[in-house]
Amino acid sequence: MPIDFGSDDDFLPAATMRGRDWPCLRQFVVILENRVGSLGELLRRLEKHDMRIVALSMVDTVEVAIARVMVDQFERAREIFEMSGFTFFEHDVVGVELPDNDQPFASVCSALVHGEINVNYMYPLIYRRHGRGAVAIHVSDIESAQTVLRDSGHTLLTENDLQSDDTSFGG
């Protein structure tokens, strides 16, 4: 007997389901020509539309530069990238508030090691709440990383957190 999966109308797109309180952050990986001014053009387009850049990481090669960018309004950024013709990809990353201890980075990494989660890369966020910074981490398994980090007492960030941190109010 065939299984009835319902119609396509029964499913919501992933972007709709995730919501602003989803415990992941959206990162854009933008491919730029490795020439003077290409990064400036990218950043001008974002800031011109009143978006706050909350993370930026660059890797360059002889021919191209790869910018990892996070903003406080990822939906608007996606529209700008599409309309501007930028070549880009989107990825979820785990945002983690750094704990208030003597070894905050080691504490986060230790939790992931114990959970056997591979860290592909990590970079700081321009984020501050109650005196604590945060990092974005691209991991091999997001759901497992979230569980491991939560279970070890770490605070995960959501898209909402990026709009209401201390730095967004000049603090």
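Read from the N terminus on, the elements follow the order α-β-α-β-β-α-β-α-β-β-α-α.

Before the details are examined, the confidence of the prediction deserves attention. The mean pLDDT of the protein is 84, and 84% of its residues reach 70 or more. Residues 1-17 have a pLDDT that stays under 50, and the model has four contacts beyond four places in sequence for this stretch. Where pLDDT is low, the predicted coordinates should not be read in detail.

Two values describe the protein as a whole. It has 171 residues, of which 42% count as buried. Among contacts with a separation of 6 or more, 70% are made by residues 24 or more positions apart.

The strands form an open sheet of six, in the order 2-3-1-4-6-5, with antiparallel pairing. At the edges stand strand 2 (53-60) and strand 5 (119-129), each of which pairs on one side only. From one strand to the next, the twist averages 30°. The pairing can be followed in detail between strand 5 and strand 6 (residues 132-139), which run antiparallel and are joined by seven bridges. In one of the pairs of residues involved, leucine 125 has alanine 134 of strand 6 as its bridge partner.

Helices pack against this sheet. Helix 4 (residues 104-114) touches strand 4 (87-97), strand 5 and strand 6, and its direction makes about 30° with that of strand 6. Helix 5 (residues 142-151) lies across strand 4 and strand 6, and runs at about 15° to strand 4.

Which residues of helix 2 are buried? They are Ser38, Leu42, Leu43 and Leu46. These residues cover an arc of only 135° around the axis, and therefore they lie on the same side of helix 2. The face turned away from this buried side carries the exposed residues Arg44, Glu47 and Lys48. The buried residues of helix 2 are covered by elements that include strand 1 (25-33), strand 2, strand 3 (64-71) and helix 3.

Serine 38 counts as buried because its relative accessible area is 8%, and the cut-off for a buried residue is under 20%. A polar atom of the serine 38 side chain lies 2.7 Å from the backbone oxygen of glutamate 33. The side chain of serine 38 also reaches the backbone oxygen of arginine 35, at 3.2 Å. When residues up to four places away in sequence are not counted, serine 38 touches Leu32 and Glu33.

The buried residues of helix 3 (residues 74-84) are Phe74, Ala77, Arg78, Ile80 and Phe81. Seen down the axis of helix 3, these residues fall within an arc of 165°, so they line one face of the helix. On the other side of helix 3, Glu82 and Met83 are exposed. Helix 3 is followed by glycine 85, which has a positive phi, near 80°.

Backbone angles deserve a final remark. Most residues other than glycine have a negative phi. Which value does phi take in aspartate 50? Phi of aspartate 50 is near 55°, a positive value in a residue other than glycine. With a relative accessible area of 64%, aspartate 50 is exposed, because the cut-off for an exposed residue is over 50%. Glutamate 116 likewise has a positive phi, of about 55°, although it is not a glycine. Glutamate 116 lies in the loop between helix 4 and strand 5. Its relative accessibility is 73%, and so glutamate 116 counts as exposed.

Notes: Residues are numbered from 1 along each chain as its sequence is written. Side-chain values use heavy atoms; hydrogens and water are left out. Buried means under 20% relative accessible area, exposed over 50%, partly exposed in between (1.4 Å probe, protein chains only). A polar contact is a pair of N or O atoms within 3.5 Å; within protein, one must be able to donate a hydrogen and the other to accept it, and residues adjacent in sequence count only if both atoms are side-chain atoms. Contact means heavy atoms within 4.5 Å. pLDDT is the predictor's confidence in each residue, from 0 to 100. Helices (H or I, at least four residues) and strands (E, at least two) are DSSP runs, numbered from the N terminus. The arc is that of the directions from the helix axis to the C-beta atoms. Two strands pair if DSSP finds at least two bridges between them. Axes are lines fitted to C-alpha atoms, for helices over the stretch in contact, and angles run from 0 to 180 degrees between N-to-C directions.
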